[in-house]
Amino acid sequence: LSLDSMSAENDELLPVLASLKARVVPRFVAIGLQLDWRHDNTLHPSLQVAPHVTLQVLRIMQEALANVLKHARASVVSVHVYMLRDMLNILIKDDGVGMPDTRCAVGHGVANMHTRAGKIGASLEVSADGSGTTVFLSVPIPPYNPPRYTQV
């Protein structure tokens, strides 16, 4: 996962998310955690975003999924990726024990996720109740025009 995130210079988001999924599925299966990962047909196969946006989305998802593995004591986690108008939405929900009040929580994971979301103009909501924890990331996707190179 670290290698993927350091080399996230790809402007196509779906292959990066597919790589993340391929890496986390075996870990979840190994501990008996069911992973329901889906993306809607609202996502264009070559959805392009700036590389720095891809990196921040990837890191937020890594943190959210790592928190499930480390803390949730969940049996099922779902990841749903979809577009609504010009917003990329990612919903990660588990059926675990929830989490302590984020103002009192030890560690910096949730705060780091909020900082990363802010860097890309995204909104991030993290909520927990007796039925688990939900992370909802909504990223504005403006038209992306990759840099053009001219021959000299």
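To begin with, what percentage of the 152 residues of the protein count as buried, and which residues line the largest cavity?

Author: This is a predicted model, in which local features need pLDDT of at least 70 and side-chain atom pairs count only at 80 or more, while totals for chains, interfaces and linings use all residues. Residues are numbered from 1 along each chain as its sequence is written, and side-chain values use heavy atoms, without hydrogens and water. Of the 152 residues, 38% count as buried (under 20% relative accessible area with a 1.4 Å probe, protein chains only). The protein has four helices and five strands (DSSP runs of H or I with at least four residues, and of E with at least two), and from the N terminus on they follow the order α-α-β-α-β-β-α-β-β.

Searching the whole structure gives one cavity of 30 Å³ or more (a set of points on a 1 Å grid where a 1.4 Å probe fits but cannot get out), and the volume of the largest cavity is about 30 Å³. Its lining (residues with an atom within 4 Å of a point) is made up of Ile-60, Met-61, Ile-90, Ile-92, Val-135, Phe-136 and Leu-137. Two or more of these lining residues come from each of α3 (51-72), β3 (87-94) and β5 (132-140), and β5 gives the largest share, three residues. By class, the lining has seven nonpolar residues, with no polar and no charged ones.

Note on methods: 1 Å grid on protein atoms, 1.4 Å probe; cavity = no way out; pocket = protein on both sides within 12 Å on 5 of 7 lines; lining within 4 Å. Points joined across faces, edges and corners; volume = space filled by probe spheres on them. Nonpolar A, V, L, I, M, F, W, Y, C, P; charged D, E, K, R; others polar. Buried < 20%, exposed > 50% of the residue type's maximum accessible area, 1.4 Å probe, protein only.
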